[in-house]
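Grab your viewer and try these exercises. Each one has a task and then a solution worked through step by step.

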Amino acid sequence: GNGFEDFQQKATDISDASRPIKPGEFESCLTNGVEFVEIPIAYDGLTIVVHPKNTWVKNMSVDNLKKVFLADNPAMKWSDVDPSFPDEPIDIYAPGTGSGTYDYFKEVVVGEGETAMRDDMTLNEDDNVLVNGVAGNEYAIGFFGVAYYEESKDQLKAVPIVSPDDGKEYLPSPANIETGVYKPFSRPLFIYVS
């Protein structure tokens, strides 16, 4: 989001993006005379992570994630997500609101309605801060790109995601991300060149 803002204002000529350009950003580019080429370069898996001592979360569906991340009546304790989970507060770590990763997660989990993401999360643009936050608290949950999980596998546990298509659970492996079965968190990455 922050990168597209600079790009549409001609402050930069190249913008890396972890989501496609939004219609409003596209319109601003047109208005400001920014012509560009969109280059898809890779696939990424937005990875939901918990502390390795978290033995109660076996997998999560989008509905489970809504209970944790939505502002409307959010789960304050793990037992609010599922009564069999510990009666302990959930500590949440997420990318900053100017991040394309935050935007993508919000679009997939919240959707296009009036509902917002909760505002009591620890937000940070530095994914390493998010990794350390989840790694330091057994009741924490967070999300970021799969590369940060891969670098920190010894400190984190990836949560298998239940696909809305087939009801099966998938981890963010390279094959699951590339083939798109890791739904809804497989996403393309782009470079936009003016």
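A polar contact here is a pair of N or O atoms within 3.5 Å, where one must be able to donate a hydrogen and the other to accept it. Keep in mind that this is a predicted model.

**Exercise 1. Work out where D166 sits and which polar partners its side chain has.**

Step 1: Find D166 in the loop between β7 and β8 (169–170).

Step 2: Look for a backbone partner.

Step 3: Now try side chains. D166 makes a side-chain to side-chain polar contact with Y170, at 2.6 Å.

Step 4: Check the accessibility. D166 has a relative accessible area of 38%, so it counts as partly exposed.

Step 5: Look along the chain. K183 is 17 residues away from D166, and their C-alpha atoms are separated by 9.7 Å.

**Exercise 2. Decide whether S79 is buried or exposed, and find what it touches.**

Step 1: Locate S79 in helix α4.

Step 2: Its relative accessibility is 18%, and the cut-off for buried is under 20%, so S79 is buried.

Step 3: Leave out residues up to four places away in sequence, and S79 touches F85, P86 and D87. With D87, the side chains make a polar contact of 2.9 Å.

**Exercise 3. Classify the ring pairs W56–Y139 and F144–Y148.**

Step 1: You need two numbers, since a pair of aromatic rings is described by the distance of the centres and the angle of the planes.

Step 2: For W56 and Y139, the centres are 5.6 Å apart and the planes are at 25°; that is under 30 degrees, so the pair is stacked.

Step 3: See what this pair joins. W56 is in the loop between β2 (37–50) and α3 (62–69), while Y139 is in the loop between α6 (127–135) and β5 (140–145), so the pair links parts of the chain 83 residues apart.

Step 4: Compare burial. W56 is buried at 13%, whereas Y139 is partly exposed at 22%.

Step 5: Turn to F144 and Y148. Their centres are 6.4 Å apart with 75° between the planes, which makes the pair edge-to-face. F144 is buried, at 0% relative accessibility, and Y148 is partly exposed, at 28%.

Step 6: Zoom out. The structure holds 14 aromatic pairs, and there is one aromatic cluster formed by F4, F7, F26, F36, F190 and Y192.

**Exercise 4. Find out how the buried residues of α3 are arranged and what they pack against.**

Step 1: Pick out the buried residues of α3: V62, N64, L65, V68 and F69.

Step 2: Look down the helix axis. These residues fall within an arc of 155°, so they line one face of α3.

Step 3: Zoom in on F69. Its contacts, again without residues up to four places away in sequence, include I92, F105, M121 and I141.

Step 4: The largest nonpolar core has 44 residues, and I48, F69, F105, I141 and F185 touch the most other members. Another core, of eight residues, lies apart from it, with C29, V34, F190 and Y192 among its members.

Methods
Residues are numbered from 1 along each chain as its sequence is written. This is a predicted model: local features need pLDDT of at least 70, side-chain atom pairs count only at pLDDT 80 or more; totals for chains, interfaces and linings use all residues. Side-chain values use heavy atoms; hydrogens and water are left out. Rings of Phe, Tyr and Trp (its six-membered ring) pair if their centres lie within 6.5 Å; planes under 30 degrees apart count as stacked, over 60 as edge-to-face and the rest as tilted. Helices (H or I, at least four residues) and strands (E, at least two) are DSSP runs, numbered from the N terminus. Buried means under 20% relative accessible area, exposed over 50%, partly exposed in between (1.4 Å probe, protein chains only). The arc is that of the directions from the helix axis to the C-beta atoms. Contact means heavy atoms within 4.5 Å. A nonpolar core is a set of buried Ala, Val, Leu, Ile, Met, Phe, Trp, Tyr and Cys residues joined through side-chain atoms within 4.5 Å.
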